[in-house]
Amino acid sequence: MVHERVMEKLAILADAAKYDVSCSSSNSTRKNKNKGLGDASGNGICHAYTEDGRCVSLLKILLTNHCIFDCAYCVSRKSNDIKRAAFTVQEVVDLTIGFYRRNYIEGLFLSSGIFDNPDYTMERLVRIVKKLRLEENFNGYIHLKAIPGASAELLREAGLYADRLSVNVEMPTEKSLKLLAPDKNHIDVIKPMEFLKEEIVGYNEEKKKNYKTPLFAPAGQSTQMVIGATQENDLEILGMSNYFYEKMNMRRVYYSGYVPISYDNRLPVIGTPVPMIRENRLYQADWLLRFYGFNVNEIVGFDQPNLDLDIDPKLGWALRNLDKFPVDVNTADLELILRIPGIGVSGAHKIVAARKFKRLQPEDLQKLGIAYSRSKYFLAFASPFQLQRDLTSIQIKDHILNTQNSKYKNDFSNQLSLF
Amino acid sequence: MTQVIYDSTFEGWLTAVFEIYEQKFEDVVFAKSEVSNTLLFSERYFVETDLQKAKRVLNGLKQKLSSEGFANIYKAFLSEIDKMDETLFQYVKYIFSSAINVEDDLSNSPVLEVRKAAYLTGRESHRMKAFVRFKLTKDNLYYAIVEPDCDVLPLIEKHFTNRYADQRWLIYDAKRKYGIYYDLENTTSVQLEFNANSNSSQFLAEISDDNEEFFQNLWRQFFKSVNIESRKNTKLHLQHMPKRYWKNLTEKIPNLKK
Ligand code: SF4
């Protein structure tokens with residue numbers, strides 16, 4: 001490698017790739033093979049954290065930031081006056097292997113601007129993954145961006161070598177997409193998603209019958225929506241997420257708070273703060289959908305299209321549904337315990353395990369690491385009998401907000417503890 | 001009160017547990033062999049590590065616990081938290097005296113203490129899987145230096161063996177002065193001392209592969225490029241990457257030559 005040139009390309013193409021917030025490197029089943037290099041079968045590992053607290057687990061780069069399209073929200077857009085660069089196939093392979101061998105990363109996340117045309121670009125991406133798998137016997141994690149408009153044949157080949165594929169929808173509604181990315185249609189994004197879903201299901205079925213069937217995107221597919229660049233409310237955004245989870249078997253939907261990068265008057269001006277609180281609330285809501293058994297309609301609705309910014313969506317739900325409380329953790333079902341503010345998934349399981357030995361009291365909950373100061377408003381203890389003061393939801397909210405420390409005031413991020 | 005002295009290994013501690021039961025000692029305190037403050041105790045008892053006896057204790061525990069609960073005992077021992085050998089002994093007594101599995105009885109203090117210690121070790125071994133930074137030498141050895149609070153090398157050995165099956169590597173615990181070494185066939189633990197000048201930049205430059213420094217700089221560049229300035233959140237950054245680990249993290253060591 002020509003050192004200086006590669007260093008410069010890395011600076012440009014890592015910088016351009018960082019707005020894609022996906023960082024997961026878990027959920028694959030790819031194991032080390034024939035004493036080769038790497039293993040992607042474990043839980044993903046964050047090898048470092050950026051100064052903004054986000055996980056660094058993959059070498060996340062663009063193959064090139066040249067692009068024939070002009071999406072207003074994107075730094076790589078055609079009309080943007082920036083330095084352009086492109087890696088060669090071999091450079092990406094060498095970087096990936098060199099980083100992986102030093103335990104810097106779990107693998108590669110490769111995306112790209114559209115160079116010339118979709119197939120030309122996709123063909124290069126596929127060539128890189130193929131080389132890593134077949135020539136380097138690399139079994140680490142690979143997340144590949146599926147370029148909208150690329151041929152089915154290339155997408156299928158990508159799936160045979162990558163662990164995860166993603167097509168970013170970027171704009172939650174067609175209207176916004178038309179406004180900001182005139183070259184694109186929602187259908188261009190939905191079509192490859194659907195294709196990948198069918199393929200993933202098909203290979204899985206096949207694998208059940210014949211274990212020799214090759215892996216096809218074993219970590220599934222994901223997508224991302226940019227938040228706050230356009231006018232959508234949370235109902236529209238979460239409705240879209242729900243659609244992706246239910247109809248596309250999506251493993252993850254990522255929310256990327258818009259970082260102003262352009263003076264385009266269709267977009268928030270430079271200097272507008274990144275909507276980090278809102279982004280965090282959306283992740284919390286997303287968690288409720290995936291791990292807490294909530295239905296999207298319980299979290300947002302027509303009467304209440306946006307998430308509260310001052311409290312998390314689970315507390316919001318509880319305050320709107322005080323008639324479901326108080327709950328006695330000594331007898332209630334797990335599903336109901338999961339709905340108590342201040343109790344997370346692992347806390348709920350610990351409660352269910354510990355209550356087999358004795359009737360749990362408030363001090364026991366504290367030992368289990370439950371945020372008792374939040375949950376106490378929603379708990380009942382049968383003995384000793386405790387009088388629950390009858391508080392209104394507004395009073396409870398005030399109490400909680402007053403006892404919460406800075407966590408709910410200043411620094412927010414999508415990786416704050418969730419509840 | 002009997003002072004039970006063992007060789008500070010896990011097997012030694014298990015042997016001690018066996019013999020405490022066998023000898024029917026009532027009140028015990030544990031001491032590791034190097035400790036010599038013995039005046040306070042009426043009786044001293046030296047344990048000679050015996051793998052058979054250790055195994056019998058382990059088998060007994062295995063039958064009383066889930067596989068996770070069982071693994072937690074070893075993890076808690078490796079935490080090296082002060083007096084963990086005694087807490088673990090109380091825990092073991094509770095386990096053997098109960099008819100049912102008590103590992104989730106977290107309102108019982110030793111149960112909770114052990115669980116917490118195991119959690120700490122688990123968290124740190126997870127962190128070491130993340131924070132090991134290999135450097136390549138001229139003779140094709142990937143080596144890394146770590147200084148974890150808990151003795152985690154035994155817990156991460158398998159992970160690294162599975163992952164780096166086609167390169168020779170060494171992970172060295174500078175605090176405990178031993179390492180794990182993979183020779184393309186097996187992973188074994190090795191005792192070594194680094195001499196005083198082994199950290200000098202001249203020495204490092206001599207042993208390093210020609211591309212090593214370039215890759216370290218690429219990694220620093222990457223780490224810098226992925227940061228989004230307008231989202232800066234130092235508190236969160238420090239929570240995930242505590243300062244005590246920085247001195248062995250390439251991306252946190254400024255490149256002095258630049
Ligand atoms: S097609 Fe992709 S890379 Fe090109 S401008 Fe649009 S979002 Fe950016």
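User: Before anything else, what counts as a salt bridge here?
Analyst: A salt bridge is a side-chain nitrogen of Lys or Arg within 4 Å of a carboxyl oxygen of Asp or Glu. This is a predicted model, where local features need pLDDT of at least 70 and side-chain atom pairs count only at pLDDT 80 or more, while totals for chains, interfaces and linings use all residues. Residues are numbered from 1 along each chain as its sequence is written, chains are lettered from A in the order in which they are written, and side-chain values use heavy atoms, with hydrogens and water left out.

User: OK. How many salt bridges cross between chain B and chain A?
Analyst: The rule finds 4 across that interface. One of them pairs the side chains of B:Asp166 and A:Arg101, at 2.9 Å from N to O.

User: Where do those two sit?
Analyst: A:Arg101 is in helix α2 (residues 89-101) of chain A and B:Asp166 is in the loop between α6 and β6 (168-173) of chain B, so the pair joins two chains. Helices (H or I, at least four residues) and strands (E, at least two) are DSSP runs, numbered from the N terminus.

User: Buried or exposed?
Analyst: A:Arg101 counts as buried at 14% relative accessibility. B:Asp166, at 29%, counts as partly exposed. The cut-offs are under 20% relative accessible area for buried, over 50% for exposed, and partly exposed in between (1.4 Å probe, protein chains only).

User: And the interface as a whole, how many residues are in contact?
Analyst: 56 residues of chain B are in contact with 62 residues of chain A, contact meaning heavy atoms within 4.5 Å. The two chains bury about 5,300 Å² between them, 59% of it on carbon and sulfur atoms. Buried area is the accessible area (1.4 Å probe) that two parts lose on being put together, summed over both.

User: Which residues in chain B lose the most area to chain A?
Analyst: B:Arg163, B:Phe222 and B:Arg231, together 16% of what that side buries.

User: Which elements of chain B give two or more residues to that side?
Analyst: α5 (109-131), α6 (153-163), α8 (212-225) and α9 (234-240) of chain B. The largest share, 11 residues, comes from α8(B).

User: Switching to rings. How many aromatic pairs over all chains?
Analyst: The search finds 34. Rings of Phe, Tyr and Trp (its six-membered ring) pair if their centres lie within 6.5 Å; planes under 30 degrees apart count as stacked, over 60 as edge-to-face and the rest as tilted.

User: Why is the pair B:Phe10 and B:Trp13 stacked?
Analyst: Their ring centres are 6.0 Å apart and their planes are at 15°, so the pair is stacked. Both residues lie in helix α1 (residues 10-23) of chain B, 3 residues apart, about one turn of the helix. B:Phe10 and B:Trp13 are both buried.

User: What about a ring cluster, which residues?
Analyst: Ring pairs link A:Tyr100, A:Phe138, B:Phe134, B:Tyr142, B:Phe160, B:Tyr164, B:Trp169 and B:Tyr182.

User: Back to salt bridges. What does A:Asp163 pair with?
Analyst: A:Asp163 pairs with A:Arg30, with the closest N and O atoms 2.9 Å apart. The pair links distant parts of the chain, 133 residues apart. A:Asp163 and A:Arg30 are both buried.

User: And A:Asp323 with A:Lys324, what distance?
Analyst: Their side chains meet at 3.9 Å, N to O. A:Asp323 counts as exposed at 64% relative accessibility, and A:Lys324 as partly exposed at 39%.
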